[in-house]
Amino acid sequence: MKDAVHAEWTKLRTVPSTGWLLITLIALTVGASAMASAIVKCPASCSTDTTKLSLTGIILGQAAVAGLAVLVVSSEYSTGMIRVSLAATPKRSVLLAAKAVVVTAVVVAVGAISVLGSLLAGRLLQPGNGFTAANGFTALSLLHGSTLRAAAGSVLYLALIGMFSLGAATALRDSAAATAVVLGVLYVVPVIGDVILSPVWQHRIERWSPANAGLAIQATRDMARLPIGPWPGLGVLALWTAAAMALGWTVLRLRDA
Amino acid sequence: MTITVSPYKSNQTPGRDGFIQLLRAEWTKFRTVRGWVIALIAVAALTALVPIYLAKAAAGNSVETCVNGSCQAEGQAIAVGPGGTAVTDTFYFVHQPMAGNGSITVRITAFRGSGSPQLPVGLALAPQTEPWAKAGIIIKESTKPGSAYAAVLVTGAHGVRMQYNFTHDLAGNATTVSASSPQWLRLIRSGDLITGYESANGMQWTAIGTADLAGLSSTVQAGLFVASPDFTMAVGNGDNSIGGPTQATAVFDHVQLQPASRGQAWTGTQIGNGSGKGYIIPGSQRNHQVRCCARLQPAHGFLARDGSITVRGSGDIAPFTPIVDPLHVTFFGTLFALIAVIALGALFITTEYRRGLIRTTVTASPRRGRILLAKATVIGAVTFVAGLIGAAIAFPVTEHELYANGWKPPVWPQLTLTSSTGLQVVLGTAAIAAAAAILGLAAGVIFRRSAGAVMAVIGVVVAPLILAVAVLPLTAADWLMRISPAAAFSLQQTTPRYSQVSNVCAAYHSCFPLAPWHGFGVLCAWAAVGLSAAAYLLRRRDV
């Protein structure tokens, strides 16, 4: 297992796309978060959840995580490398686990940098936009339990999205198909859930879609009105991730490479 | 001795490398990959089925359709206008009957709103006078809400206007009324034609326009009116809106009615019924639950003294535009197909890079710009056809399902496939698919890898929607919906927007800031820039 992880780590760090995707992850997350913190102002939107606002960029950054995780598997299929990998590591579970470990480690490390950068931007920008003590706001700080939960949860969210994408890519093999399916789940489902004219379906999507449920971990205000609680929401995403990984594992075991 | 060996010459006629041959080659490549053909069929099926399902799930709406005798939406009373569409017709009317041809002339010396309704603390206040608050003279079929009319009027912030039959709005001069600059207004009836005039001094008159109110009764009601529409503002990202009624007061003098009435006095009538309620439409309860946050005591009326008449009123005389566009919401379902289309567009070239086929392709046709053009033509055409078939199936069924769920006239007119809106939605859906596929193709050339290309295109086409719908405040969302390719989804918008009605335009309520084909132009511009960059890189790079 240790050797398999080492091999996966070598593969991951020696392709140029990894570096680009991780830079994209940081840039999109921190950039979009800072922009959101810069444009939302208090007299107009005082009911804003400032912690959630400062982590807005996760919505864009997750695309880079999905891309990274998809490429870890699908690029091996597109180049034929997968046959070498399986010859070297015949136990397919070990190969998949090694990929999951490496992707998770990288996403957690770079995701933590992105989340901290986003929070810092929010802490610096939000007081200037009217989110001040006079209006009942305190500056963002990881010393607050709920902010810490939202920040750590966002990193976990990215890690779970990475595993979800890895599982989907292992099942689908083709990078275009896997990227399309994952981004469809992450972007189109929440849009439909937001605009759909059925309160029943709106509620269902808010509770059970991976992106909507998972991002409940960022909420720190009006907790009673959340469609799903922070940890149960992350749990729902974890279930989807487990399902995707199980599907990927099954396909990997049953199909020829 | 010399032996002459004649070099081998094929008996075949040389192949041609014209654009037609290139198109045929690309079409052959497309149709012989089984996965792509299956994906294309899936695109047509998703385009048809997802909107139909969303329409089936669209919870019934009877409040806004006058089904249960309760004819209200967003706190406003709804009437049915001369064109059969929903209108708001609520105002205070000081009137007399007018028999046959005649005219009415007034001078307005003051017009002012009463300011913000009582709204929860912490929200921005309404302007003192609503921009579309109205005071002026009107000739109206009867006092029944929704009956035909023509009016000239002054407004809070849009100058002098002539308006008739709710949907027509003609601009006069742009002055605002004050004691030092009063405004004279005149309406002259001649048969079915009513002409509106304005004047600064009561001597030089300028015609603003003429309304043709076919079938107007010989005796109509003519007089003075004041209306002040509800104040509405979006809160946060526009999923919540908040508002309430407002009032305005105008002072009229030099009132002349011809033919002069014998012994008739002015009668004051409240036309229609405003709710008098403030309201919040919360985002999580979209089915139009109207909650009251403050009640405005109706204080409309009029007072005639010393030759001048003071009128106070609230409400509006305007087309009613519902906040929700159910057809647009259901056509949001075509986004699933759009993702497949983007992937197809990218794969159409990245597969060639992966398999090395690109080298054969550029050997067979060395002019690389033409290869790209042929590929764009083929992928654009096939995705257009798939989108067209899907949308043409989806549209009538979706309309039928929405109707069955209570989304009915007068608020939501029933549209046929061949109506201009129907064609716009169906052709627009197909055109969006084609342009997105070409954008995917361009990204495929630029990135040469499917994952990067698909990610980038979904990132610019679909991700702005989620930001605009769920995250960004209204101004930022508006800006994003003007410059990102997502602007093209305005093609699927079906509720007409009128400039004479203040609307909260939020992507959340499927309102897009750009006009339909302008929005599509933004997507085309992205595709054109992408394709140019792709052509440049394809010629410059080795394959």
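Tutor: What follows concerns a predicted model, taken term by term.

Student: Why are H4(B) and H5(B) called roughly perpendicular?

Tutor: The axes of H4(B), residues 335–355, and H5(B), residues 357–364, cross at roughly 105°. Angles of 65 to 115 degrees count as roughly perpendicular. The two helices of chain B are therefore roughly perpendicular to each other. Their axes come within 5 Å.

Student: Which residues make the contact between H4(B) and H5(B)?

Tutor: From H4(B) there are B:Glu352, B:Tyr353 and B:Arg355, and they meet B:Leu357, B:Ile358 and B:Thr361 of H5(B).

Student: What does "buried" rest on in chain B, and what percentage of its residues is buried?

Tutor: A residue is buried if 20 or more other C-beta atoms lie within 10 Å of its own. In chain B, 53% of the 543 residues are buried. The chain has 11 helices and 22 strands.

Student: How many residues does each chain give to the contact between A and B?

Tutor: Chain A gives 37 residues and chain B gives 43. On the chain A side, H8(A) supplies the largest share, 14 residues. By class, that side has 25 nonpolar, 11 polar and one charged residues.

How values were computed:
Residues numbered from 1 in each chain as written. Chains lettered and ligands numbered in written order. Predicted model: local features only at pLDDT ≥ 70, side-chain atom pairs only at ≥ 80, totals over all residues. Contact = placed C-beta atoms within 7 Å. Helix = DSSP H or I, 4+ residues; strand = E, 2+ residues; numbered from the N terminus. Nonpolar A, V, L, I, M, F, W, Y, C, P; charged D, E, K, R; others polar. Axes fitted to C-alpha atoms, helices over the stretch in contact; angles between N-to-C directions. Parallel < 35°, antiparallel > 145°, perpendicular 65-115°, else oblique. Buried ≥ 20, exposed ≤ 12 C-beta atoms within 10 Å, placed from the backbone.
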